[in-house]
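I opened a new notebook page for this structure. My plan is to look things up one at a time and write down what I find.

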Amino acid sequence: MSHHDERTFVMVKPDGVQRGLIGEVVSRLEDRGLKLVGAKFMQIDRDLAEEHYGEHEDKPFFDDLVEFITAAPVFAMVWEGADATRQVRRMMGTTDPAEAQPGTIRGDLGLDLGQNVIHGSDHEDEGANEREIALFFDDEELVDWEQSAEGWLYEDADF
Ligand code: DAT
Ligand code: MG
């Protein structure tokens, strides 16, 4: 395992759930070779929203952001793989879907900054992945399992 075991927090936001995009997002992450180790369909309450987006509490868009993320269910997940946090961010595309590259999740599935389908831990914010995983999941909700395809995904893993 070693360097293949980085974990990152990912969430299909309320707009993605309402638009029926859970499967599309999961499919892209699975196809990439990332390993799902936890998932939860849930509604975020105000306290959790304010903690999750705490870094933005002084921004003018904070209240709208909290209202949006609590307005409908989300699909929260933990994915594992080599360089997982940064790789998921690359797959997501930039924050504003209008500017995100085609081929990325936001660039293919969204048009508006406030409704950008997916959250992923910020790889430039040290430890954000571990913090966010702990905020949404208890240890026993995460599953350690062997992905039989691992040897076909990583050159240094056994078949
Ligand atoms: P990201 O979700 O790409 O990590 P972020 O952490 O900077 O982006 O912001 C969190 C969310 O807040 C983002 O997904 C959408 C919303 N947001 C960011 N900047 C915004 C802005 N200028 N106006 C309105 N909403 C914004
Ligand atoms: Mg962010």
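**Entry 1: what I am looking at**

I note at the start that this is a predicted model.

**Entry 2: salt bridges**

I began with charged side chains. Side chains of opposite charge can pair when their charged atoms come close. How many salt bridges are there? I counted 9 salt bridges.

I then looked up Glu80. Glu80 forms a salt bridge with Lys35, and their closest N and O atoms are 3.4 Å apart. This pair links distant parts of the chain. Glu80 belongs to strand β3, residues 74-81. Lys35 belongs to strand β2, residues 35-42.

Which residues make up the network of salt bridges? I found Arg7, Lys35, Glu80 and Asp144 linked in it.

**Entry 3: a pair within a helix**

Next I checked Glu50. Its salt bridge partner is Arg46, with the closest N and O atoms 3.1 Å apart. Both residues are in helix α3, which covers residues 46-52. Why are they about one helical turn apart? They are separated by about one helical turn because they lie 4 residues apart in that helix.

I also looked up how open these two are. Glu50 is partly exposed, at 32% relative accessible area. Arg46 is partly exposed too, at 46%.

**Entry 4: one further pair**

I turned to Arg131. Arg131 forms a salt bridge with Asp125, and the closest N and O atoms are 3.0 Å apart. With a relative accessibility of 46%, Arg131 counts as partly exposed. Asp125 has a relative accessible area of 25%, which makes it partly exposed as well.

**Entry 5: the ligand**

Where does ligand 1 sit? I found ligand 1 in the largest pocket. The residues surrounding ligand 1 include Lys13, Tyr53, His56, Phe61 and Leu65. Also around ligand 1 are Arg89, Thr95, Arg106, Leu113 and Asn116.

In Arg89, a side-chain N or O atom is 2.9 Å from an oxygen atom of the ligand. In Arg106, a polar side-chain atom lies 3.0 Å from an oxygen atom of ligand 1. For Asn116, the distance from a side-chain N or O atom to a ligand oxygen is 2.8 Å. I then looked up how much of the ligand is covered. Taken alone, ligand 1 exposes 520 Å². The protein buries 73% of that.

**Entry 6: positive phi angles**

Last, I looked at the backbone. Most residues other than glycine have a negative phi. Which residues did I note with a positive value? I noted Asp83 and Val117.

Asp83 has a phi near 60°. I found Asp83 in the loop between β3 and α5, the latter being residues 84-92. Asp83 is partly exposed, with a relative accessible area of 29%.

Val117 has a phi of about 70°, although Val117 is not a glycine. The loop that holds Val117 runs between α6 (105-109) and β4 (118-120). Val117 is buried, with a relative accessible area of 0%.

Methods
Residues numbered from 1 in each chain as written. Chains lettered and ligands numbered in written order. Predicted model: local features only at pLDDT ≥ 70, side-chain atom pairs only at ≥ 80, totals over all residues. Heavy atoms only, no water. Salt bridge = Lys/Arg side-chain N within 4 Å of Asp/Glu carboxyl O. Helix = DSSP H or I, 4+ residues; strand = E, 2+ residues; numbered from the N terminus. Buried < 20%, exposed > 50% of the residue type's maximum accessible area, 1.4 Å probe, protein only. Near = heavy atom within 4 Å. Polar contact = N/O pair within 3.5 Å; in protein donor to acceptor, adjacent residues only side chain to side chain. Areas by Shrake-Rupley, 256 points an atom, 1.4 Å probe, with all protein chains shown as cover. 1 Å grid on protein atoms, 1.4 Å probe; cavity = no way out; pocket = protein on both sides within 12 Å on 5 of 7 lines; lining within 4 Å. Sits in = over half its atoms within 2 Å of the grid points.
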